[in-house]
Structures are given as structure tokens and as C-alpha cells.
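Take a look at the sequence and the 3D structure below.

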Amino acid sequence: MNPTLAIEPSVFYFGTPVALLSTLMPGDETANITPISSAWALDDTYVLGLSNSGRAMRNLRENGELVINLPDAALWESIERIADTTGVADVPRHKREKYRYEPDKWTLGRFTPRPSGVVLPPRIAECPVQMEARVTNMTPLGEDGDATIVHAKVLRTHVHQALTVPGTSHIDLDAWNPVYYTFRHYFSQGERVGVSFRAEQ
């Protein structure tokens, strides 16, 4: 049996997919992009962890619509180009040392907006998976209230045609290569090591 050691990690990002949220800016109908790694799915609902001081959370309180864009590993440099930016003009004090204001993350990240079908925020054309969604619930996280858990119901899913199994709604698992955020490093998906009994064949 392997011995264990009690440690105190500064973050708990053992490996989660990166998502890029596009949300509508209040008043001017432009859109902001927010990279996050605190996201997971349960049926047709995505559960998102968002900082209350960020632009995405502010936008969602004004307009509860968003697009959850899933980039592949080839887009990691585009993600990193916008990673140290915020859409909040008055950068919160605790972010000022590492973050800067950027009103146009689309150009900076070299992303292309594409109109959505059932929500107002645009999709990111370069992302192989784009899920239009609407907020159904918000729950404060922790005693200090610095973050919020957002439940977003997926209304419509768009996938690059090359990523689908022809004639089905299935994803070609050999073509899908999401980017993972592991202890603040970017990783691509590794080899398949097994198949769950619940997998669709």
C-alpha cells in the first residue's frame, strides 16, 4: 500500500476542462469572454463557479443568458492571451497586481463571434462545442460571499461537424481533444484507458 502525506495545496485544480463563457454586457449589447475551470455537467445543467467581482457574474445578474464554449487543446494560447484580463473597467483591488482591464477580449484572443439561436450572447466560432444556456439558479458560495454557484440549463448545443459521428448526435471521441486545467497548467486529453458500462456504443 502506498504511504500518504497530508499536504495543504493552494488550489484544488486536479484537472478540469476549460470553458469560455460569453455573456452580454449591459447597455451596449457587446459580449465579454470569461475563461473558467470550475464547471461540470449534470444532465442538461451546467454548474459554474464564478467570482462575484468578475464581469461574467455581473453580466449574468443583469441578463441570465450565456454561451458555454468548450475549446480544444489547440486553443490554449488564445485562452492564455485573455487569462490576465478582466472586463471590469474599475479593476477590483485584489486583482490589480495580476489583472488588467480589456474591453475587447475577442480581438485579443483572436476569437470570432457567431450569432446564437436562442440566447443573446454570441458563440465563439473557434470552439468545437458551443452550448447556449440560461441561468436557472444562483447560490452564494462560502461565508465571505466572494463567489457564486450558477446553474445554467443548456438550451441548444452546436458542435463542429468534424467532431460528430455522421448521422448521429454523438461526439467522435477520437476527434475531441479538450483542454484541461491542472494546477494552473494546460493539458490535452490523454489516451483512453477504459469504457464505462454506461457508455453509448
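## A buried threonine

Thr85 has 6% relative accessibility, so Thr85 counts as buried. Buried means under 20% relative accessible area, exposed means over 50%, and partly exposed lies in between (1.4 Å probe, protein chains only). This is a predicted model: local features need pLDDT of at least 70, side-chain atom pairs count only at pLDDT 80 or more, and totals for chains, interfaces and linings use all residues. Residues are numbered from 1 along each chain as its sequence is written, and side-chain values use heavy atoms, with hydrogens and water left out.

Thr85 belongs to strand 7 (residues 85-86). Helices (H or I, at least four residues) and strands (E, at least two) are DSSP runs, numbered from the N terminus. What does Thr85 touch, leaving aside its neighbours within four places in sequence? Its contacts are Tyr99, Arg100, Glu102, Lys105 and Leu108. Contact means heavy atoms within 4.5 Å. Thr85 and Tyr99 are 14 residues apart in sequence, yet their C-alpha atoms are 5.2 Å apart in space. The side chain of Thr85 also reaches the backbone oxygen of Ile82 at 2.7 Å.

An open sheet has 3 strands in the order 1-13-14, with antiparallel pairing. Strand 1 (16-17) and strand 14 (185-188) stand at the edges with a single partner strand each, so one side of each has no neighbour in the sheet. Two strands pair if DSSP finds at least two bridges between them.

Strand 13 (residues 179-182) and strand 14 pair over 4 bridges. In strand 14, His185 is the bridge partner of Thr182. Helix 2 (residues 76-83) packs on the sheet and touches strand 13 and strand 14. The direction of helix 2 makes about 160° with that of strand 14. Such angles run from 0 to 180 degrees between N-to-C directions, and axes are lines fitted to C-alpha atoms, for helices over the stretch in contact.

## Rings that meet

The count comes to 4 aromatic pairs. Rings of Phe, Tyr and Trp (its six-membered ring) pair if their centres lie within 6.5 Å; planes under 30 degrees apart count as stacked, over 60 as edge-to-face and the rest as tilted. Trp76 and Tyr186 form a tilted pair, 5.7 Å centre to centre with 40° between the planes. Trp76 lies in helix 2 and Tyr186 in strand 14, so the pair ties together parts that are 110 residues apart in sequence.

Tyr181 and Tyr186 have ring centres 5.7 Å apart and planes at 50°, so this pair is tilted. Tyr13, Trp76, Tyr181 and Tyr186 form one aromatic cluster.

How values were computed: A polar contact is a pair of N or O atoms within 3.5 Å; within protein, one must be able to donate a hydrogen and the other to accept it, and residues adjacent in sequence count only if both atoms are side-chain atoms.
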